[in-house]
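Please walk through this fold one contact at a time. Start with a pair of helices, then turn to the strands.

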Amino acid sequence: MTGTIQAENSTILESITDAFVSLDAAWNFTYVNAQAERIYKKSRAELLGRNFWDVFPTARNSIFEETYTDVMTTRRARVLEAFFKPLDESWFEINIYPLKDGGLAFYFRDITARKKMEAIVEGQRRAMELALADTPITQILEVLTNAVEAQSGNGAIACIMLADAQGKRLHNGAGPSLPEAYRRAVDGMEIGPASGSCGTSAFTQKMTIVEDIANDPLWAPVRDLALGHNLRACWSTPIISSHGRTLGTFAVYYPEVRGPVENDRNIVAALVQTAAVIIERTNYHAARIEAETALRRSDESMQRERRVYETVMSNTPDFIYTFDLQRRFNYINKSLLEMWGRTWENSTGRTFHELGYEPWHAEMHDRELIEVIATKKAIRGEVPFNGTFGRRIYDYIFVPVLNDAGDVEAVIGTTRDVTHRKEAEDTLRASESRFRFLTELEEATRGVGDAGRIMEIATRMTAEHLKSSRCAYADLEPDGDHFTIRADYVADGSASTVGFYSLDLFGSKAVADLNAARTLVIRNVDAELAAQDGGDMFRAIGIQAIITIPLVKDGQLRAMMAAHQNVPRDWTPDEIRLMEIVAERSWAYIERVRHEAMLLEADRKKDEFLATLAHELRNPLAPIRNALHIFEKGGADEKVTAGARELMTRQVGQMIRLVDDLMDVSRITHGKIELRQETVTLAAVIHSATETAQPLLSDKKHTLAVDLPPQDIFVTGDPVRLGQIFSNLLNNAAKYTNAGGSIGITAALSGDTVSIAVTDNGIGIPPEKLGHVFDMFTQVDSSIERAQGGLGIGLTLVKNLVERHGGTISVASGGAGKGSRFTVTLPVSKAAAPAKPAAPATAPRAMLKVMVVDDNRDSAQTMGWTMELLGCEARVLTNAADAIAAAKDYLPDVVLLDIGMPGILRAQPGLENTMFIAQTGWGQAEHRQKSKEAGFHHHLVKPIDMKELGALLAAKA
């Protein structure tokens, strides 16, 4: 990726959420954005210019090398999902595509959390299915341990241990990957304050983390056994019942010394909750079977069985009770009495109505009991109930008790709190639904190359999934106060909201939440918003409830995505979370295609620029070659040779200006230019600019009118750069105005600022190009027949210089053929410009001895001739060794040197007072600093300005 593309697109490449990298055809890094630095954990300085395979040698002979090589060879884009252990053991989604210069670029994002969550959600779903099918608990728990191991990229081993009924010891529940010898050794582990990771966790009911088994005293009894099976670290999480009892532990072992990262904690926390639901369900199911069996035992063992029955009834968390044939309670266990908040005495012998159940609830159970007695068949159901434990969901069953004659003599009931199970099932269903929808959205937008089309797909699919009235996507305008809804999907026939809006119209709550990156949630516009504070605006576009997701990047609101409802709606947390995920992903998809389009546009501009640069360099080279031909042939009269010399001087100057413009725009764009601030008059600045532009104005026979206020206007800045602003604007006006045109400069004071306008009656600017005239490499008319010269960077340079001086610049035009007007506004300085000191008189120059050292023979020889024309004695040398040898005898007054040997020369006896001047093609600030550190007194950039060199020689003489 070229420096040109980087300079133009760095803001966008640094703002996208994906990591972005480009490689040249030799696999060397040419660009790395900030997100890639964070993922790679390496700085640009460590990566740029280095070979990708040297930086990541483990990527060799892998799917990465295979895919990248295929893209490099076939020039076809590829998408890859792969696991890469060296980068924090992460999964990545990588989009790879070829670049025109033979290299390739790819952007990628970390999808580890998604991959892990997919494995965990699948494990939870499968475990719940098996539990509902009454599968043995060991098989169910193995599904959960396998889920942990499947999403781990570091060889983790998971196991679940179950507490015994007394809560004293732990026994193996699931852990097929653990070595058998180790499983046998820890089976029956004591639950206590210092009993390994699992025993301690079960005792404290807190997570216990042992990062290094070899050095942790908790592991003293089985340390050697664990290390012998390559178990180096272990962390254990307690499995707690809904009533606070320890059910067991969920442990994860690692083959290296380490602790869990946050993502590991979250994954195991989710699975621990699922394990708790499953274990509780199994325990309760066993208790219920035991209780129901006890009710049917024979009369001869009734008393003994009743004692067992009473013990179970009193200690199970399930509610167990019996009815007589009049539907009155005649037995109620302790758990049900606690849930009711009642005593045995004021509960037994009463019906549901007499116990205060809501009428619908009491009547439903009465009907069910009548049916059980009549049909002799059990009835089962689920019902919500508000008791002392709050609102819970209960699963109940009414079973008939038959006498020897087969008649119903009583009804027994059991009830279980299934709130956690229902919540887990609801969460699992919501998670599966969300995952399916997001997968469908990703598939629908994959390969779509148009941002508007992605917005249309995302808004339609989201509105349909949420069953909302409307879904819309909007971009913030650059001013931050307005936004444009670019796409919306309307489901109920309401009007589209696509259009331009002021953010303030939607009220203070909306503005505050969105600018603070908070999701805006309104469930009832009429109840929550005052009429003048957004209520009227929402109602005007048919909104009574809304979720708006702000997309904030680098502290600024950039875009929004919203779901609307035309009636009040109680948005659920799942719906809000889904909207947040969809908005983030839609933003990523849209930014991806916008970025790809910008890369294509940047590539096109690069090609145009290189063609323009070649054209502009050939223009001066052609007349220079012609002039040289005249000198070679000889015989031309003095007028022709003088004209040829003038032509060569002028064309060399044009080439220098091209190079200077390129260097200036690069330095300014990267903030490397230093302004030499001083106070000057505006008149002096304009006079300097008109002098610079006068040759082009005269060549095209333009009329220039300057109209400045009569009083002195002072501005503070770099006089050279200020003059450059207006000379570039004058040159631009001259180039794009037909011969004999009119150009004007006017200035007007307004408070603390002055506005300077440069106008012309030239070819004008089409309306569609007005917004791009200050863009890099942009020309109003780049067709061959209207080519005016230049690289399309002059106005970019002007805009940067104006802004560096605290000013602004704008452009206006009536269109093609109606001229243009550029207006520069600068702050006015209150201080007057200081008086310029008189130049000191110069003494006659004595003949100087000058040594010219340059490994370019032509450059060295011509400079030697030039020194002699300036009245100096010159000696020309083309290598450092000859220069060092000659300096001992020649003892020059001045050394013009193009090689890095100043320290060696200055060490020679007799050269203590010699002036060393660097002549080089490198002219930026860092190059001048290096030449100073190397011992040079002065730094001149090739081709050397002879006036500047003459002044240095005069000062030395």
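**Helix pairs and sheets**

In helix H25, Met-863, Thr-866 and Met-867 meet Met-946, Leu-949 and Leu-953 of helix H29. Contact means heavy atoms within 4.5 Å. By class, five residues of this contact are nonpolar, one is polar and none is charged. Here Ala, Val, Leu, Ile, Met, Phe, Trp, Tyr, Cys and Pro count as nonpolar, Asp, Glu, Lys and Arg as charged, and the others, Gly among them, as polar.

The model is predicted: local features need pLDDT of at least 70, side-chain atom pairs count only at pLDDT 80 or more, and totals for chains, interfaces and linings use all residues. Residues are numbered from 1 along each chain as its sequence is written, and side-chain values use heavy atoms, leaving out hydrogens and water. Helices (H or I, at least four residues) and strands (E, at least two) are DSSP runs, numbered from the N terminus.

H25 spans residues 857-869 and H29 spans residues 946-956. Their axes come within 12 Å and cross at roughly 55°. Axes are lines fitted to C-alpha atoms, for helices over the stretch in contact, and angles run from 0 to 180 degrees between N-to-C directions. H25 and H29 are therefore oblique to each other. Angles under 35 degrees count as roughly parallel, over 145 as roughly antiparallel, 65 to 115 as roughly perpendicular and the rest as oblique. The crossing of H25 and H29 is right-handed. That means the near helix is turned clockwise from the far one by less than a right angle; anticlockwise is left-handed.

Helix H6 (residues 112-132) and helix H15 (residues 419-445) pack at about 135°, with axes 11 Å apart. H6 and H15 are therefore oblique too. Their crossing is left-handed. Among the residues in contact are Arg-114, Glu-118 and Arg-125 of H6 and Arg-421, Glu-425 and Glu-432 of H15. The contact of H6 with H15 has seven charged, five nonpolar and two polar residues.

Now the strands. Strand E6 (residues 157-163) and strand E7 (residues 169-174) run antiparallel, joined by four bridges. Two strands pair if DSSP finds at least two bridges between them. Ala-163 stands opposite Leu-170 in E7. E6 and E7 form a hairpin with five residues between them, and Gly-167 in the turn has a positive phi of about 70°. E7 also pairs with strand E8 (residues 189-190), antiparallel, over two bridges. There, Leu-170 has Met-189 as its bridge partner.

Ala-158 and Ala-251 are 93 residues apart along the chain, yet their C-alpha atoms are separated by 5.7 Å. Beyond its neighbours within four places in sequence, Ala-158 is in contact with residues including Val-148, Phe-250 and Ala-251.

Next comes an open sheet of six strands. The order is E19-E18-E17-E22-E21-E20, with antiparallel pairing. Strands E19 (499-502) and E20 (520-522) are the edges, each pairing on one side only. The twist averages 20° from one strand to the next. Helix H16 (residues 451-466) packs on this sheet and touches E17, E18 and strand E22 (556-565). The direction of H16 makes about 55° with that of E18. Helix H17 (residues 507-515) also packs on the sheet, touching E20, strand E21 (545-553) and E22.
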